[in-house]
Amino acid sequence: MTIDKSWTTIRRRSSSNEFWNGLQHFLQMAKLFVNDRGFIKSPCRRCLNNASHQLEDLESHIFRNGFMFGYNQWIHHGEPVTANAGTTVAGPSGGIHERDEMFDVLDDIISEDADGDAVGGPSSSEQYDNLFAALRSELYPGVSSFSSLNFLVKLMHLKVLNKWTNKSFDELLKLLKLTFPKIDLVESHYEAKRLMTKMGLGYSSIHVCKNDCALFWKENSLKDICPVCSESRWKLQSGKRSGKNVPHKVLRYFPVGPRLKRLFATSKTAKLMWWHSTSKDNDVMRHPVDGKSWQEFDKRHPQFASDVRNVRLGLAADGFNPFGNMSLSYSMWPVVLTTYNLPPWICMKAEYLMLSLLIPGPHSPGKDMDVFLRPLIDELNEFWVHGLETRDAAYENGVFRMRAALLWTVNDFPARSSLSGWSGQGYRACPTCNEDTPFMRVIRKMA
């Protein structure tokens with residue numbers, strides 16, 4: 001007899017009779033397979049058949065978190081095992097890689113969509129099919145300590161740490177394939193990147209006018225000519241566009257929203273996002289929450305301050321030469337955000353700093369900094385006005401509307417001039433005093 005499992009993919013569980021009836025049928029079948037203590041594995045998206053609960057708790061687990069992706073043959077809950085059961089059951093239920101750390105990673109990713117009906121974002125099992133396939137498969141026949149996905153993630157991490165080129169990574173993959181013909185691994189760096197992007201936290205490439213006067217983004221995304229200076233969007237050869245469209249400049253934009261949501265989706269960091277509300281010290285300045293600026297902001301915006309999960313951000317920007325060659329004049333500007341909700345021993349660590357923009361060179365953006373900052377400013381305005389529906393993994397049913405505010409910038413004086421739009425030299429060099437800046441001439445120079 002064929003079991004109807006279509007109800008397991010329904011997103012809006014609270015308003016679906018089909019989901020409720022399917023869940024009741026599943027529980028009726030599963031109750032015959034509880035152990036002698038009355039416990040049975042939970043196939044919800046958080047437990048992934050790794051944890052067991054009593055039958056009366058199983059209903060609430062599945063209803064709250066949803067039914068796990070990839071568990072297509074219910075071998076732990078009464079469905080007879082068929083010949084191909086090993087290929088249809090997700091990793092935890094198949095007994096393969098039960099201790100694989102990538103299960104925790106995917107659990108955090110899926111938890112962002114687990115309450116899709118409440119959050120309002122898309123949730124589809126197809127998005128994770130390739131990830132679960134790589135997680136279920138052994139890296140090499142007989143090797144159960146590593147899944148294919150785990151090995152690939154560690155290999156990509158080594159590439160970043162040791163600055164391998166894409167070509168060298170491709171050559172390494174070819175060597176591994178040649179040495180171990182049965183190894184389950186991607187063919188190229190391009191395929192590896194495509195798989196990694198399914199884990200989220202990617203970036204957008206935005207074309208920029210060669211004179212830094214506009215972005216080909218939103219209302220200008222389909223234009224080939226700059227709306228300000230009428231320069232071509234593409235590089236030209238002998239006055240003509242080459243066969244392949246190559247933009248003059250490309251701005252890399254890393255959306256902040258998914259990264260903030262990931263902090264709340266991970267149970268370990270979700271609790272730390274509350275730290276600032278419980279660890280104030282009026283006698284010692286050990287964190288910005290102890291300062292007057294933070295307290296003054298709370299007084300001016302009491303509605304924002306009423307939910308301690310709302311995010312306080314700081315922005316840092318400066319130029320550097322990525323080629324490490326001082327004889328070559330090149331300036332690339334990263335724009336980095338730090339999250340001040342986190343405790344002081346974490347918020348300034350490299351792994352918790354968020355790169356939001358990578359502004360291309362070869363010259364400093366200078367007075368055109370506002371052009372490059374537009375995607376980030378638009379997103380921050382959206383956070384401030386409307387907020388972003390976010391799931392807080394630290395609490396059950398912890399879906400809330402997260403808002404965010406940029407408290408201040410951290411930069412040297414020349415960078416402050418670019419960010420504020422106020423000249424850092426000349427008669428009115430002070431961005432605080434503005435037009436009231438006192439000055440005097442000292443040997444043909446201004447002071």
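Is Lys 163 exposed or buried, and what is its relative accessibility? At 74% relative accessibility, Lys 163 counts as exposed, where exposed means over 50% relative accessible area, buried under 20% and partly exposed in between (1.4 Å probe, protein chains only). The legends below take you through this and other places in the structure.

**Figure 1. The whole protein, a predicted model with 18 helices and 17 strands.** This is a predicted model, in which local features need pLDDT of at least 70 and side-chain atom pairs count only at pLDDT 80 or more, while totals for chains, interfaces and linings use all residues. Residues are numbered from 1 along each chain as its sequence is written, and side-chain values use heavy atoms, with hydrogens and water left out. Helices (H or I, at least four residues) and strands (E, at least two) are DSSP runs, numbered from the N terminus. Of the 447 residues in the protein, 43% are buried. Contact means heavy atoms within 4.5 Å; among contacts between residues at least 6 apart in sequence, 55% join residues at least 24 apart.

Figure 2. Please keep one caution in mind: where pLDDT is low, the predicted coordinates should not be read in detail.

**Figure 3. Helix H11 (residues 256-265) meets helix H17 (residues 369-385).** The two axes come within 10 Å and cross at roughly 50°; axes are lines fitted to C-alpha atoms, for helices over the stretch in contact, and angles run from 0 to 180 degrees between N-to-C directions. That makes H11 oblique to H17, since angles under 35 degrees count as roughly parallel, over 145 as roughly antiparallel, 65 to 115 as roughly perpendicular and the rest as oblique. From H11, the contact is made by Val 256, Gly 257, Pro 258 and Leu 260, and from H17 by Leu 376, Glu 379 and Phe 383. By class, five of these residues are nonpolar, one is polar and one is charged. Here Ala, Val, Leu, Ile, Met, Phe, Trp, Tyr, Cys and Pro count as nonpolar, Asp, Glu, Lys and Arg as charged, and the others, Gly among them, as polar.

**Figure 4. Helix H14 (residues 292-300) and its buried face.** Trp 294, Phe 297 and Asp 298 are the buried residues of H14. Seen down the axis of H14, they fall within an arc of 100°, so they line one face of the helix; the arc is that of the directions from the helix axis to the C-beta atoms. These buried residues pack against helix H13 (275-278), helix H15 (302-305), strand E10 (311-317), H17 and strand E15 (404-410). On the other side of H14, Lys 292, Ser 293, Lys 299 and Arg 300 are exposed.

**Figure 5. Helix H18 (residues 413-420), with its buried residues.** Ala 415, Ser 417 and Ser 418 are buried in H18. Their arc, seen down the axis of H18, is within 150°, so they line one face of the helix. What covers them includes E10, strand E11 (333-339) and H17.

**Figure 6. Backbone geometry at Lys 163, Lys 218 and Pro 362.** Most residues other than glycine have a negative phi, and most peptide bonds are trans. Lys 163, in the loop between helix H8 (148-161) and helix H9 (166-179), has a positive phi near 60°. Phi of Lys 218 is also positive, near 55°; this residue is found in the loop between strand E6 (215-216) and strand E7 (236-237) and, at 46% relative accessibility, counts as partly exposed. Gly 361 and Pro 362 are joined by a cis peptide bond, with omega about 10°, and Pro 362 sits in the loop between strand E12 (354-359) and H17.

**Figure 7. Ser 221 in the loop between E6 and E7.** With a relative accessible area of 32%, Ser 221 is partly exposed. Leaving aside neighbours within four places in sequence, Ser 221 is in contact with Phe 216 and Arg 233.
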